[in-house]
Amino acid sequence: MYVVELCHWLQNTPFATGLRQSDLLFPLIEGSHILALSVSVGLIITLDLRLLRLALCGEPVSRVMHQVMPWALPGFAVMFVTGLLLFVAQAEKVYTNTFFRYKVLFLVIAGFNALYYQMKFYPKMAEWDLAPAIPAGAKLTAAISLVLWAAIIALGRTMAYEL
Amino acid sequence: MKRKTFAASVLFAIIPAFAHHSFAMFELTKDVTYEGTVVDYRWENPHTHIIVKVESDAADKSTVGTWDIEGGATNIMGRQGWNRATFKPGDHVKIVAHPMKDGTKGASLFYAVLPDGKRLYHDIARPKGEGSSNP
């Protein structure tokens with residue numbers, strides 16, 4: 001109950017109302033959210049496919065990762081900030097949206113999944129960097145990441161289909 | 001050349017439909033007239049909303065109740081002549097809209113009829129025979 005009230009207050013702050021009523025800012029934020037998503041998730045998918053040995057197999061994983069991350073991380077930052085602004089602008093409406101709740105849940109799981117990879121497999125990367133057999137656990141995190149991001153994007157899109 | 005024309009026509013076919021979401025949830029072949037009082041007029045993104053209360057003495061009994069009529073983004077509506085002051089709570093309105101398929105009290109704006117008989121449209125979509133700016 002308390003969260004609904006908080007969202008109600010947030011959505012009705014002059015800042016949120018201003019965002020919603022802006023002809024320029026709202027489409028700019030909305031568009032940036034999607035473009036940043038394509039950069040960051042697109043590159044995350046590239047790394048996941050490499051871990052699954054489905055793409056760029058001639059390249060060491062570390063090299064793919066170090067090429068991809070300097071773009072994927074700022075992309076993620078822009079996606080996160082614009083997503084936060086879109087949430088603030090429509091907080092109350094979005095909070096009660098079932099698709100949004102699943103989207104947030106999957107985002108949190110994707111976060112833990114990435115953290116697990118980073119802590120468990122990244123430190124020992126030198127050992128399996130070019131090996132034909134990538135640790136099964138690392139492959140699993142890549143597969144989970146692919147599924148989660150597909151679901152997150154689909155849920156984000158479906159959110160709009162409620163009045 | 002032919003390919004270019006094709007690409008252009010595809011592009012133009014897409015533009016009117018480019019919105020926050022598609023119109024799949026609305027019964028687009030159904031034009032229902034909602035005549036009543038504006039409860040709330042929300043000039044905002046991603047969609048403008050006109051909340052209309054239709055009294056029980058309405059000509060079309062199926063429209064009695066409070067309806068959430070959804071329009072386009074402020075940009076799209078602005079190009080059709082709408083602005084934040086087009087309506088205010090308490091105004092009498094006559095709106096033609098496409099109702100939700102699932103029966104909830106919501107509809108997609110088609111056009112509003114102003115007191116002087118002039119129509120304000122949602123976007124460039126026009127009834128057949130009524131010239132639109134884009135063919």
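**Ground rules.** I am reading a predicted model, where local features need pLDDT of at least 70, side-chain atom pairs count only at pLDDT 80 or more, and totals for chains, interfaces and linings use all residues. Residues are numbered from 1 along each chain as its sequence is written, while chains are lettered from A and ligands numbered from 1 in the order in which they are written.

**Whole chain.** I looked up the elements and found eight helices and zero strands in chain A (DSSP runs numbered from the N terminus: helices are H or I of at least four residues, strands E of at least two). The C-alpha atoms fill a box of roughly 55 × 35 × 25 Å along the principal axes. Of the 163 residues, 25% count as buried, that is, with 20 or more other C-beta atoms, placed from the backbone, within 10 Å of their own.

**One helix pair.** Next I turned to H6 (residues 98-120) and H8 (residues 136-158) of chain A, which pack at about 160° with axes 9 Å apart (axes are lines fitted to C-alpha atoms over the stretch in contact; angles run from 0 to 180 degrees between N-to-C directions). H6(A) and H8(A) are therefore roughly antiparallel, a label for angles over 145 degrees.

**Their contact.** Among the residues making it are A:Phe106 and A:Tyr117 of H6(A), and A:Leu148 and A:Trp149 of H8(A); contact means C-beta atoms, placed from the backbone, within 7 Å. I noted 15 nonpolar, six polar and two charged residues there (Ala, Val, Leu, Ile, Met, Phe, Trp, Tyr, Cys and Pro count as nonpolar, Asp, Glu, Lys and Arg as charged, the others, including Gly, as polar).

Key
Angles under 35 degrees count as roughly parallel, over 145 as roughly antiparallel, 65 to 115 as roughly perpendicular and the rest as oblique. Two residues are in contact if their C-beta atoms, placed from the backbone, lie within 7 Å. A residue is buried if 20 or more other C-beta atoms lie within 10 Å of its own, exposed if 12 or fewer, and partly exposed in between; C-beta atoms are placed from the backbone.
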